[in-house]
Amino acid sequence: MEVQKTALYNYHKNLGAKFVAFAGYEMPIQYKEGIVKEHISTRTHAGFFDVSHMGQFFLEGDETLINSLEKIIPADLKSLKINHSKYSFLLNKDGGIIDDLIITKTEKGFCIILNAACKDNDIKQISKLLDKNHKSLLNNELSLIALQGPKSVEILEKLISGVSNLKFMTGSNFDYEGEKIYITRSGYTGEDGFEISISNKNVEKFIDFLIKYEVKPIGLGARDTLRLEAGLCLYGHDLNEKINPIEANLKWAIAKKRKETGGFNGWEKIKKHLENGCEKTRVGIKPEGKIIARENTKIFSMDDKEIGFITSGTFGPSVNAPVAMGYLNSDFSVVGTEIKLEVRGKKYGGKVAELPFYKKSYVK
């Protein structure tokens with residue numbers, strides 16, 4: 001299969017990006033200053049991310065569209081207001097997570113932002129539920145830019161008046177260069193910020209403006225360290241089809257009403273886990289010293305019983321320490337529990353830690 005490129009590929013090249021194959025795309029992993037400086041720039045000023053590889057999937061329809069989507073998405077879509085977004089999931093018949101997503105109510109229906117590696121399968125799963133009165137479109141003519149960091153609102157307001165009025169997980173249409181662009185106050189770094197859906201033809205001009213205000217380009221490397229410090233999951237690592245939202249410690253993302261009424265894939269199993277707990281749970285983990293416990297690192301109890309595994313691990317520049325997430329036997333999941341991590345054949349100490357590692361800065 002041919003590797004795809006976003007509309008900003010040459011722009012990234014000119015900025016000195018190093019590329020890596022990711023989810024079928026050639027994507028920048030870092031730029032000249034390196035991952036740590038990119039990370040710190042996002043936390044202290046602002047950074048922009050090209051996330052155009054993700055799917056922008058638009059759906060139109062009547063009340064039957066909501067009924068169809070609620071069979072596989074456990075959000076309360078009936079109560080979702082126009083221009084409001086929710087973090088949710090596509091669930092399989094066992095309640096396993098096919099993908100995690102952001103769904104936004106639009107005037108005509110919904111826009112769903114899908115993970116790049118999953119989007120083709122996601123669309124297939126959603127399309128099975130659609131009828132002749134529903135319209136769907138994966139819009140490849142649009143780029144998606146994430147602007148993240150404490151200065152992002154101040155900078156974006158200079159270009160697009162009114163974005164400062166948005167609250168976290170809300171959006172609106174704005175005028176830019178003769179087109180309507182859709183902006184949500186959202187992101188996946190733990191910082192205040194925005195995601196901007198903009199035509200491929202205008203995206204370079206938009207980035208030119210950001211760079212003028214010293215907004216740094218940020219690659220996948222720093223995107224990973226930022227989201228992990230914020231305790232946010234990466235699909236294919238911390239989430240997959242064999243893990244349900246309760247095991248993933250994401251029960252807050254299932255609407256209260258849906259927890260009571262069910263009616264979505266895997267409801268019976270999820271209900272049991274809500275009532276009785278589950279065998280494994282996603283937790284935060286702080287390794288001892290400077291040891292980095294990466295994905296697939298085995299976790300042991302203090303008496304050397306194997307009790308879990310790491311799904312994401314790195315050095316957290318903002319907290320100046322190694323951080324990790326993983327799944328533990330629920331009996332060992334209490335914050336402060338001492339554990340052992342097997343790295344390169346040797347066992348090192350660690351503790352179960354509270355998530356997130358870095359305090360989130362969302363504007364609610």
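Predicted model: local features only at pLDDT ≥ 70, side-chain atom pairs only at ≥ 80, totals over all residues.
**Entry 1: α2 against α7**

I began with helix α2, residues 35-44, and helix α7, residues 220-229. Their axes lie 8 Å apart, and the packing angle is about 55°. I checked which orientation class applies. Angles from 65 to 115 degrees count as roughly perpendicular and those under 35 as roughly parallel, so about 55° falls between these classes. I therefore logged α2 and α7 as oblique to each other. For handedness, I noted that α2 passes α7 in a right-handed crossing.

Next I listed the residues that make the contact. From α2 I have Ile35, Glu38, His39, Thr42 and Arg43. From α7 I have Gly221, Ala222, Thr225, Leu226 and Glu229. I sorted this α2 and α7 contact by class and got three nonpolar, four polar and three charged residues.

**Entry 2: α5 against α6**

I then turned to helix α5, residues 152-159, and helix α6, residues 203-212. Their axes come within 10 Å and cross at roughly 125°.

On the α5 side I found Ile155, Leu156, Lys158 and Leu159. They meet Phe206, Phe209 and Leu210 of α6. By class, I count six nonpolar residues and one charged residue in the contact of α5 with α6, and no polar ones.

**Entry 3: the cavity**

How many cavities of 30 Å³ or more does the structure hold? I found one. The largest cavity contains about 60 Å³ of space.

I wrote down its lining in sequence order. Met27, Pro28 and Tyr31 are there, along with Phe49, Asp50, Val51 and His53. Ile218, Gly219, Leu220 and Arg223 complete the lining of the largest cavity. The elements giving two or more residues to it are β2 (25-30), β3 (47-50) and α7. So α7 came up again here; I had already logged that helix packing with α2. By class, the cavity lining has seven nonpolar, two polar and two charged residues.

**Entry 4: the second largest pocket**

I looked up the second largest pocket next. It holds about 720 Å³ of space. Its lining takes in 30 residues. Which of them lie nearest the centre of the pocket? I noted Phe58, Thr106, Cys111, Asn173 and Tyr182.

Sorted by class, the lining of the second largest pocket divides into twelve nonpolar, twelve polar and six charged residues.

**Entry 5: backbone geometry**

I finished with two backbone checks. Most residues other than glycine have a negative phi, and most peptide bonds are trans.

At Asn83 I read a phi near 70°, a positive value in a residue other than glycine. Asn83 sits in the loop between α3 (63-69) and β5 (85-91).

Is the peptide bond from Leu355 to Pro356 cis or trans? I have it as cis, with omega near -5°. Pro356 belongs to the segment after β19 (346-353).

Terms used. Residues numbered from 1 in each chain as written. Heavy atoms only, no water. Axes fitted to C-alpha atoms, helices over the stretch in contact; angles between N-to-C directions. Helix = DSSP H or I, 4+ residues; strand = E, 2+ residues; numbered from the N terminus. Parallel < 35°, antiparallel > 145°, perpendicular 65-115°, else oblique. Left-handed = near helix turned anticlockwise from the far one by under 90°. Contact = heavy atoms within 4.5 Å. Nonpolar A, V, L, I, M, F, W, Y, C, P; charged D, E, K, R; others polar. 1 Å grid on protein atoms, 1.4 Å probe; cavity = no way out; pocket = protein on both sides within 12 Å on 5 of 7 lines; lining within 4 Å. Points joined across faces, edges and corners; volume = space filled by probe spheres on them.
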